[in-house]
Amino acid sequence: MEWMWAPEHELARQVLQRGVAAVFLVAFLSTFNQFPALLGERGLSPTPAFLRRVTFRQAPSIFHWHYSDRMLRLVCLVGALAAASVVVGLPQMGPPWVPLLVFLLMWTLYLSIVNVGQTFYGFGWESLLLEAGFIVAFLGSNEVPPPLPIIVLCWWLVFRLEFGAGMIKMRGGSEWRDLTALMYHHETQPMPGPLSRFAHLMPRWFHKSEVLGSHFAQLIVPWFLFAALIPHPVAQIASSVAAVIIIGTQGWLVLTGNFAWLNWLSIVLAFSAIADFPWLVKAATALDAWVPGWILPERGGASMFGVADEHAWFAIVVLVASAFLVVLSWRPLLNLFSRNQLMNASFNRYHLVNAYGAFGTVTKERYEIVIEGTRAPTPDRGWREYEFKGKPGDPTRVPRQFAPYHLRLDWLMWFLALGRQERWFSVLLIRLLEGDKGGAPDAAAQPL
């Protein structure tokens, strides 16, 4: 079964495991800070009330057995500790089942959160993290080479992420086809960053070049990720170059906006197509003198040449998991080429093998809902605006960089301004009137 191992992707495995775990760490910390105010016992959309309306079969979650804000925070702390252990490389030092169980623990805990998160966890990058975490769980430890089926499934995930987004744009607003979309997007995006204004003020030809580059990176480049399956050095280089292009375009999105961990996780996943070229291995080896072995594994060890009989079971587990994910890929594959393509959709309640995409249309004007308050509602008392941390407010204030941290309330305020009706907004106003400091999300404005 030598065919199923990919020792030339050892560095990619290290990036995948640690990168996905780092995003899990951010996600659990974000949930720890925001969930109780948004969805807790006295939240804007209380989880206990939601759990009374749905069954475990409809939304699998450990919180069906019990929910409390204290338990939620405990779940986040356990998940964050598990993620941190992978970031520093501790589970990877043991047998293959150790990182497998650690990642499945993170996946189970975060799935339990997302499935009760309602509107506040309805973002595509929540499903992306869950799918990535489940796939990466089967990459094994430093005792075995990276399994090729899992590396290929990472390519398949990046393909759906990029190609799906590209097809959504081509089927969406005419601004993507006439190359004018990015003349507006940097200004009207949900949460601009500190460099968004700089990007917005670039000349017209630059914005058209951005759109052309986006179409190239999303519609053409992803196909070359699979070139590495051809046993030829040129094919390996083509796959790695495709990954570098995707990483570059995602890096530009990191610099010009705040899209939570979407772009950061895309960069990590794209690294799965970069092979261990000699210069990369040499650079990594040079770090060995400065970095402890428990952080970076020793290259060229026994795990690079074969799999011991004692780990044959892991090969079987990898093949079974890969077959399971291939079966689930049928509907997402059809969706990519469907005239009625779905965007950011999960075809199962476990958020595995999902459909992705964003900004099929670009708004050309920016609307903001402004919340104001006063200590005494009389004509002679001034009204003061509640300033959100991430949502644009005061035009003289430079937007801050928050990504990969996710300010969920700020993001949903953008959707609210587009005309979406949400019951949680009425509850938010009530909480502000009550001066409920203890229940204010960390994304919300400071009380008067």
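**Helix packing, burial and backbone geometry in a predicted model**

Trainee: In this predicted model, at roughly what angle do the axes of helix H11 and helix H12 cross?
Mentor: The axes of helix H11 (residues 233-256) and helix H12 (residues 262-270) come within 9 Å of each other. H11 passes H12 in a left-handed crossing, and the angle between the two axes is roughly 165 degrees.

Trainee: Are H11 and H12 roughly parallel or roughly antiparallel to each other?
Mentor: The axes of H11 and H12 cross at roughly 165 degrees, and angles over 145 degrees count as roughly antiparallel. The relation of H11 to H12 is therefore roughly antiparallel.

Trainee: By class, how many nonpolar, polar and charged residues are there in the contact of H11 with H12?
Mentor: From H11 the contact draws on Ala243, Ile246, Ile247, Gln250, Gly251, Leu253 and Val254, while H12 brings in Asn263, Trp264, Ser266, Ile267 and Ala270. Sorted by class, the contact has 8 nonpolar, 4 polar and no charged residues.

Trainee: Are H6 and H14 roughly parallel or roughly antiparallel to each other?
Mentor: Helix H6 (residues 148-171) and helix H14 (residues 312-328) pack with their axes 9 Å apart, at an angle of about 25 degrees. Angles under 35 degrees count as roughly parallel, and the relation of H6 to H14 is therefore roughly parallel.

Trainee: How many nonpolar, polar and charged residues does the contact of H6 with H14 have?
Mentor: The crossing of these two helices, H6 and H14, is left-handed. On one side stand Pro149, Ile150 and Leu153 of H6, and they meet Val318, Leu319, Ser322 and Leu325 of H14. By class, that gives 6 nonpolar, 1 polar and no charged residues.

Trainee: Against which helices do the buried residues of H16 pack?
Mentor: Helix H16 (residues 408-417) is mostly covered, since 9 of its 10 residues are buried. The buried set is made up of Arg408, Leu409, Asp410, Trp411, Leu412, Met413, Trp414, Leu416 and Ala417. These residues of H16 pack against helix H1 (10-39), helix H4 (97-114), helix H5 (124-136), helix H8 (185-188) and helix H17 (423-434).

Trainee: Which residue with a positive phi follows H16?
Mentor: H16 spans residues 408-417. The residue with positive phi that follows H16 has a value near 110 degrees, and this residue is Gly419.

Trainee: Is Val353 buried or exposed?
Mentor: Val353 lies in the loop between helix H15 (330-336) and strand S1 (372-373), and its phi is positive, about 55 degrees, although it is not a glycine. Phe359 is found in the loop between H15 and S1 as well, and likewise has a positive phi of about 55 degrees without being a glycine. The relative accessible area of Val353 is 2%, and under 20% counts as buried; Val353 is therefore buried.

Trainee: With which residues is Ser141 in contact, leaving aside its neighbours within four places in sequence?
Mentor: Ser141 is found in the loop between H5 and H6, and it is buried, with a relative accessible area of 0%. Its contacts beyond those neighbours are Arg13, Pro91, Gln92, Gly94, Pro95, Pro96 and Pro99.

Trainee: What distance separates the C-alpha atoms of Leu433 and Gly373?
Mentor: Leu433 belongs to helix H17 and is exposed, with a relative accessible area of 77%. Although Leu433 and Gly373 are 60 residues apart along the chain, the separation of their C-alpha atoms is 8.3 Å.

Trainee: What percentage of the residues in the protein is buried?
Mentor: The secondary structure comes to 17 helices and 2 strands, and the protein exposes about 20,300 Å², of which carbon and sulfur atoms supply 67%. Of the 448 residues in the protein, the buried ones make up 53%.

Notes
Residues are numbered from 1 along each chain as its sequence is written. This is a predicted model: local features need pLDDT of at least 70, side-chain atom pairs count only at pLDDT 80 or more; totals for chains, interfaces and linings use all residues. Side-chain values use heavy atoms; hydrogens and water are left out. Axes are lines fitted to C-alpha atoms, for helices over the stretch in contact, and angles run from 0 to 180 degrees between N-to-C directions. Helices (H or I, at least four residues) and strands (E, at least two) are DSSP runs, numbered from the N terminus. Angles under 35 degrees count as roughly parallel, over 145 as roughly antiparallel, 65 to 115 as roughly perpendicular and the rest as oblique. A crossing is left-handed if the near helix is turned anticlockwise from the far one by less than a right angle, and right-handed if clockwise. Contact means heavy atoms within 4.5 Å. Ala, Val, Leu, Ile, Met, Phe, Trp, Tyr, Cys and Pro count as nonpolar, Asp, Glu, Lys and Arg as charged, and the others, Gly among them, as polar. Buried means under 20% relative accessible area, exposed over 50%, partly exposed in between (1.4 Å probe, protein chains only). Accessible areas come from the Shrake-Rupley method with a 1.4 Å probe; for residues, only the protein chains shown count as cover.
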